[in-house]
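This briefing goes through a structure helix by helix and then turns to the packing between them. Please keep the sequence and the 3D view at hand while reading.

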Amino acid sequence: MDRQTATVNVLGGNAQARVIVDVLIERERQDAKWGVQRHAPAVWMLILGEEVGEAAEDPFDDVSVQAVVSPMADLVKACQRCREILEAGYGRTLDANGSTMIAPARVRYRAELVQVAAVAVAAIESLDATEVSHA
């Protein structure tokens, strides 16, 4: 049994436990890749917007999402602008998944949503750390 499965089982084995464990694992991956980051809230919103844009690029390929294609295109454009601002300010290229694995759209979409959640957790961690240091 791998670490992820064991942790999910300890937490009750339900769908929420699996998602939370995936988010925690993604947070560890992000810290390993970028180090602990402390940014201003506006920068975190840019990073989060860029991640949301990546998730918006991989919607499910079914009829039910066709009605939201135009608004999704606007969201993708806005989030691409977040990426441009981040790249201009930090001089690095942000990758979509941190890997070159080709996955079906649903798997990619889920992975992007986990990254969105993990970035939101990192932003909260940064905000809390700043609050403690100013207290």
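This is a predicted model: local features need pLDDT of at least 70, side-chain atom pairs count only at pLDDT 80 or more; totals for chains, interfaces and linings use all residues.

Contact here means that heavy atoms lie within 4.5 Å. In that sense, and leaving aside neighbours within four places in sequence, alanine 122 is in contact with Arg27 and Trp44.

**Helix 2 and its ends**

- Helix 2 covers residues 15–34, and its 20 residues reach 28 Å from the first C-alpha to the last, close to the 28 Å expected at 1.5 Å a residue.
- The N-terminal end of helix 2 is capped by asparagine 14, which places a side-chain oxygen 3.2 Å from the backbone nitrogen of glutamine 16.
- After helix 2 comes glycine 35, and the phi of this glycine is positive, near 80 degrees.

**Helix 3 and its glutamates**

- Helix 3 has 16 residues that should span 22 Å at 1.5 Å a residue, and its end C-alpha atoms are 22 Å apart, which agrees.
- Among the buried residues of helix 3 are Gly49, Gly53, Glu54 and Ala56.
- Glutamate 50 lies in helix 3, which runs over residues 41–56, and this glutamate counts as buried because its relative accessibility is 2%, where the cut-off for buried is under 20%.
- Between glutamate 50 and lysine 77 there are 9.9 Å in space, C-alpha to C-alpha, although the two are 27 residues apart in sequence.
- Glutamate 51, also found in helix 3, has a relative accessibility of 9% and therefore counts as buried.
- Not counting residues up to four places away in sequence, glutamate 51 touches Glu112, Gln115, Val116 and Val119.

**The largest nonpolar core**

- In soluble globular proteins, nonpolar side chains tend to be buried together.
- The largest nonpolar core of this model has ten residues in all, namely Val43, Trp44, Ile47, Leu48, Ala55, Leu86, Val116, Val119, Ala122 and Ala123.
- At least two residues of this core come from helix 3, and at least two from helix 5 (105–134).
- Helix 3, with five residues, gives the most to this core.

Definitions and conventions
Residues are numbered from 1 along each chain as its sequence is written. Side-chain values use heavy atoms; hydrogens and water are left out. Helices (H or I, at least four residues) and strands (E, at least two) are DSSP runs, numbered from the N terminus. The expected span of a helix is 1.5 Å times one less than its number of residues. A polar contact is a pair of N or O atoms within 3.5 Å; within protein, one must be able to donate a hydrogen and the other to accept it, and residues adjacent in sequence count only if both atoms are side-chain atoms. Buried means under 20% relative accessible area, exposed over 50%, partly exposed in between (1.4 Å probe, protein chains only). A nonpolar core is a set of buried Ala, Val, Leu, Ile, Met, Phe, Trp, Tyr and Cys residues joined through side-chain atoms within 4.5 Å.
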